[in-house]
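This briefing walks through selected features of a single protein chain, grouped by topic. Please keep the sequence and the structure in view while reading.

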Amino acid sequence: MRHFLDTEIHQEPLAAAVILFWLAESHAKARHLKDGILIPWAMLGIGLVATESTLESLPQKKQTLAGWLRSEGARSWRGYSKQTILAWKDAFWAAFAHGEAAGILTIEDGRLVAKGKIGSIEPNSHSQFVRRAARAIGGTIGGEQDDLRVASALGLEFEV
């Protein structure tokens, strides 16, 4: 069943682009501005943040990847990483196109990169909650310096 936020993000690619910006920005900060977030991780991140039932159980600040995946909130999705990535690929590309046109997203070396700045958000709003969750996911994944370790922790395989 799709939740309201999920449907809203699918219908509003610019809103999804802002979530992607927060994911990529936080990821880059965690990696000391070295590189952007791997595209499948961005697809997973947007899928988790844009689904209300998952959003409610996401961490609100960066933590270790192992700690996040062992958390009670990860139980609802951690076995479905591949399905989430695939389910959100079209929404990701639509959001990326809008974000690139708006000058806030780009792809460098096959990774999603945030560029520029986004205006501030209303304090205590739902958007601020979404922002914290997106930044927590980006920073948590960015805290792992090896994407193969992230893939392994998520139970995924991909060819190099």
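Predicted model: local features only at pLDDT ≥ 70, side-chain atom pairs only at ≥ 80, totals over all residues.

**His27 and its surroundings**
- His27 has a relative accessibility of 0% and therefore counts as buried, the cut-off for that class being under 20%.
- When neighbours within four places in sequence are left aside, the contacts of His27 include Asp35, Gly36 and Ile37, together with Arg111.
- The contacts of His27 also include Gly138, Gly139, Ile141 and Gly142.

**The sheet**
- The open sheet consists of three strands in the order β1-β3-β2, with antiparallel pairing.
- The edge positions are taken by β1 (37-38) and β2 (105-108), each of which has a single partner strand, so that one side of each is left without a neighbour in the sheet.
- Strand β3 (residues 111-114) is joined to β1 by two bridges, the two strands running antiparallel, and Arg111 in β3 is the bridge partner of Leu38.
- Helix α7 packs on this sheet, where it touches β2 and β3, and the direction of α7 makes about 110 degrees with that of β2.
- Between β2 and β3 there are four bridges in the antiparallel sense, and Leu112 in β3 is the bridge partner of Ile107.
- The hairpin formed by β2 and β3 has two residues between the strands, and Asp109, which lies in the turn, has a positive phi of about 55 degrees.

**The α3 and α7 pair**
- The axes of helix α3 (residues 39-49) and helix α7 (residues 89-101) come within 9 Å and cross at roughly 100 degrees; the two helices are therefore roughly perpendicular to each other, a class that covers angles from 65 to 115 degrees.
- On the α3 side the contact involves Ile39, Ala42 and Met43, which meet Lys89, Phe92 and Trp93 of α7.
- Sorted by class, the residues in this contact of α3 with α7 are five nonpolar, no polar and one charged.

**The nonpolar core**
- The largest nonpolar core contains 45 residues, and those with the most contacts inside it are Leu20, Trp41, Val49, Trp68 and Leu112.
- Two or more residues of this core come from each of α2 (13-30), β1, α3, α5 (65-70), α7, α8 (126-142) and α9 (147-153).

Notes
Residues numbered from 1 in each chain as written. Heavy atoms only, no water. Axes fitted to C-alpha atoms, helices over the stretch in contact; angles between N-to-C directions. Parallel < 35°, antiparallel > 145°, perpendicular 65-115°, else oblique. Contact = heavy atoms within 4.5 Å. Nonpolar A, V, L, I, M, F, W, Y, C, P; charged D, E, K, R; others polar. Pairing = 2+ DSSP bridges. Core = buried A, V, L, I, M, F, W, Y, C linked by side-chain atoms within 4.5 Å. Buried < 20%, exposed > 50% of the residue type's maximum accessible area, 1.4 Å probe, protein only.
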